[in-house]
Amino acid sequence: MATAAPSAASRIAVVTGASSGIGAATARQLAAAGYRVVLTARRKDRIEALAEEINTAGHSAAAYQLDVTDRAAVDEFATAFKTIGVLVNNAGGALGADPVATGDPADWRTMYETNVIGTLNITQALLPKLVESGDGTIVVISSTAGLSTYEGGAGYVAAKHGEHVLAETLRLEIVGQPVRVIEIAPGMVKTDEFALTRFGGDTEKATKVYEGVAEPLTADDVADTITWAVTRPSHVNVDLLVLRPRAQASNTKVHREL
């Protein structure tokens with residue numbers, strides 16, 4: 001795959017939620033593409049280990065413990081940079097699969113804070129640095145949940161709709177600035193933690209999400225797509241890219257070989 005080499009002024013890529021899954025895979029692939037990646041997440045040990053792995057492989061990475069819902073911490077983090085080239089908003093996640101009638105408001109609030117407010121915080125803090133680079137890219141990792149609804153997912157769906165609208169509106173508001181806004185919306189992705197976290201560590205429930213699906217997407221599949229979009233020529237903006245496994249036709253239509 002031919003990619004455009006990042007310019008010297010825009011070689012820093014910040015990846016949130018980089019401790020596992022899509023975030024970690026994206027950090028590895030952007031580093032291999034020539035970016036100096038800054039890994040952020042709450043789990044310090046995970047991102048430090050990943051940074052060491054990337055540096056040992058001959059690339060460049062640094063780890064910075066960060067909770068994107070903590071605005072003061074995010075603002076302090078932003079002071080470390082004069083300019084950055086890429087921001088990948090990956091931090092987020094789902095909690096529970098209860099219907100609206102019985103959903104836990106605390107779970108809804110947490111999902112909104114991590115997926116929407118977290119993305120808002122880090123984007124606001126780093127947007128001037130992206131503009132300063134003269135060639136910035138903001139990537140928002142939303143979800144097909146941000147485009148259509150499904151039963152039992154209203155809290156997560158509402159949060160991802162908010163994140164989708166944030167990206168769409170930001171693109172309108174900063175048109176003319178040297179910053180692209182890219183949204184990647186994955187469907188069914190099988191990672192080590194997403195479903196397990198959603199169901200509070202219930203392995204049986206987490207396993208059923210992917211039961212009978214021959215090849216759900218992997219974190220590397222999504223990371224490959226993100227890296228492709230980021231490394232397009234500067235005038236090319238991938239506004240919205242929906243990514244699903246072949247077995248998934250929609251959020252509610254999945255082929256299962258049972």
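The crossing of H3 and H4 is right-handed, meaning that the near helix is turned clockwise from the far one by less than a right angle. Helices here are DSSP runs of H or I with at least four residues, numbered from the N terminus. The model is predicted, with local features needing pLDDT of at least 70 and side-chain atom pairs counting only at pLDDT 80 or more, while totals for chains, interfaces and linings use all residues. Residues are numbered from 1 along each chain as its sequence is written, and side-chain values use heavy atoms, without hydrogens or water.

**H3 with H4**
- Helix H3 (residues 71–78) packs on helix H4 (residues 105–133) at about 20°, with the axes 9 Å apart; axes are lines fitted to C-alpha atoms over the stretch in contact, and angles run from 0 to 180 degrees between N-to-C directions.
- H3 and H4 are therefore roughly parallel (angles under 35 degrees).
- H3 contributes Arg 71, Val 74, Asp 75, Phe 77 and Ala 78 to the contact (heavy atoms within 4.5 Å), and H4 contributes Asn 121, Ile 122, Gln 124, Ala 125, Leu 126 and Lys 129.
- The residues of this contact comprise six nonpolar, two polar and three charged (nonpolar: Ala, Val, Leu, Ile, Met, Phe, Trp, Tyr, Cys and Pro; charged: Asp, Glu, Lys and Arg; polar: the others, Gly among them).

**H4 with H5**
- The axes of H4 and helix H5 (residues 154–173) come within 7 Å and cross at roughly 20°, which makes H4 roughly parallel to H5.
- H4 passes H5 in a right-handed crossing.
- Residues of H4 in this contact include Trp 108, Met 111 and Tyr 112, and those of H5 include Gly 155, Lys 160 and Glu 163.
- The contact of H4 with H5 has 12 nonpolar, five polar and two charged residues.

Conventions
Helices (H or I, at least four residues) and strands (E, at least two) are DSSP runs, numbered from the N terminus. Angles under 35 degrees count as roughly parallel, over 145 as roughly antiparallel, 65 to 115 as roughly perpendicular and the rest as oblique.
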